[in-house]
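Colleague: I would like to go through the labels on this model and hear what each one rests on.
Modeller: Ask about them in turn.

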Amino acid sequence: MGEVSGRPLRELIDDRLLDELLARSRDEAGGLRLTGEGSLLGELVKAVLERALEAELTAHLGYGRHSADGRNSGNSRNGAIRKTVQTGVGPVQIAVPRDRAGSFEPVLVPKRAGRVAGGLDDMVISLYAHGMTVRDIVHHLRQVYGTELSAETVSRITDQVLEEVKAWQARPLEAGRFLLMIAN
């Protein structure tokens, strides 16, 4: 993990770039902000998401940016819209590219969705599976990641796995000996 084409990610990133990223991610007191709005990881997530969305649009249109193949094709790039999405590292404002025909449906950041597909839902489900209440999850995401999710949104996410949780809780236990401890 963390490797691209067999090379460690660290070898692919120039020291000057890392120094610049670290300098931009310091707060007023000089501390490093890793998560939340304007953080180091937030900026990296933004860059990766925008690059991936451009690649999705290129695949959808069938030609690259500034390619002559796009001329008179019937559909072309049409700027971008700003959108704030919730990610595992907090809210991130991204530019989602558009096409003239309006037929581009991004997979990574679906239309009318306020979260990146995957990640945050998995985190909510994990916290729920570990026994946190909906209110605890909302508070945890706000405190740790600066992510604002409503209790209704968290409930919708946890409802996706509710049947599985109930089945697991009602599973028959194997017959055998059990240790019983009585503490006084």
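Colleague: Why is Arg142 called partly exposed?
Modeller: This is a predicted model, and in it Arg142 has a relative accessible area of 34%. Buried means under 20% and exposed means over 50%, so at 34% Arg142 is partly exposed. Arg142 is found in helix H5, residues 134-145.

Colleague: Is Lys46 buried or exposed, and how do you know?
Modeller: The relative accessible area of Lys46 is 19%. The cut-off for buried is under 20%, so Lys46 counts as buried.

Colleague: What makes Lys46 and Glu50 a salt bridge?
Modeller: The N to O distance between their side chains is 2.9 Å. A side-chain nitrogen of Lys within 4 Å of a carboxyl oxygen of Glu qualifies, so the pair is a salt bridge. Both residues lie in helix H3 (residues 40-61), 4 residues apart, which is about one turn of the helix.

Colleague: How do you know that Glu50 and Arg82 also meet in a salt bridge?
Modeller: Their N to O distance is 3.9 Å; the limit is within 4 Å, so the pair counts. Glu50 lies in helix H3 and Arg82 in strand E3 (residues 77-87), so this pair ties together parts that are 32 residues apart in sequence.

Colleague: Why is Arg82 called exposed?
Modeller: Arg82 has 56% relative accessibility, and exposed means over 50%, so the label applies.

Colleague: What makes Glu54 and Arg65 a pair?
Modeller: Their closest N and O atoms are 3.1 Å apart, which is within 4 Å, so they form a salt bridge. Glu54 is in helix H3 and Arg65 in the loop between H3 and E3, 11 residues apart. Glu54 has a relative accessible area of 24% and Arg65 one of 48%. Both values fall between 20% and 50%, so each residue is partly exposed. Salt bridges that share partners join Lys46, Glu50 and Arg82 into one network. The structure holds 6 salt bridges.

Colleague: How does the lining of the largest pocket divide by class?
Modeller: The lining has 10 nonpolar, no polar and no charged residues. H3 gives the most, with 5 residues. The volume of this pocket is about 210 Å³.

Colleague: What is the class division in the second largest pocket?
Modeller: Its lining has 7 nonpolar, 1 polar and 5 charged residues. The volume is about 160 Å³.

Notes. Residues numbered from 1 in each chain as written. Predicted model: local features only at pLDDT ≥ 70, side-chain atom pairs only at ≥ 80, totals over all residues. Heavy atoms only, no water. Helix = DSSP H or I, 4+ residues; strand = E, 2+ residues; numbered from the N terminus. Buried < 20%, exposed > 50% of the residue type's maximum accessible area, 1.4 Å probe, protein only. 1 Å grid on protein atoms, 1.4 Å probe; cavity = no way out; pocket = protein on both sides within 12 Å on 5 of 7 lines; lining within 4 Å. Points joined across faces, edges and corners; volume = space filled by probe spheres on them. Nonpolar A, V, L, I, M, F, W, Y, C, P; charged D, E, K, R; others polar.
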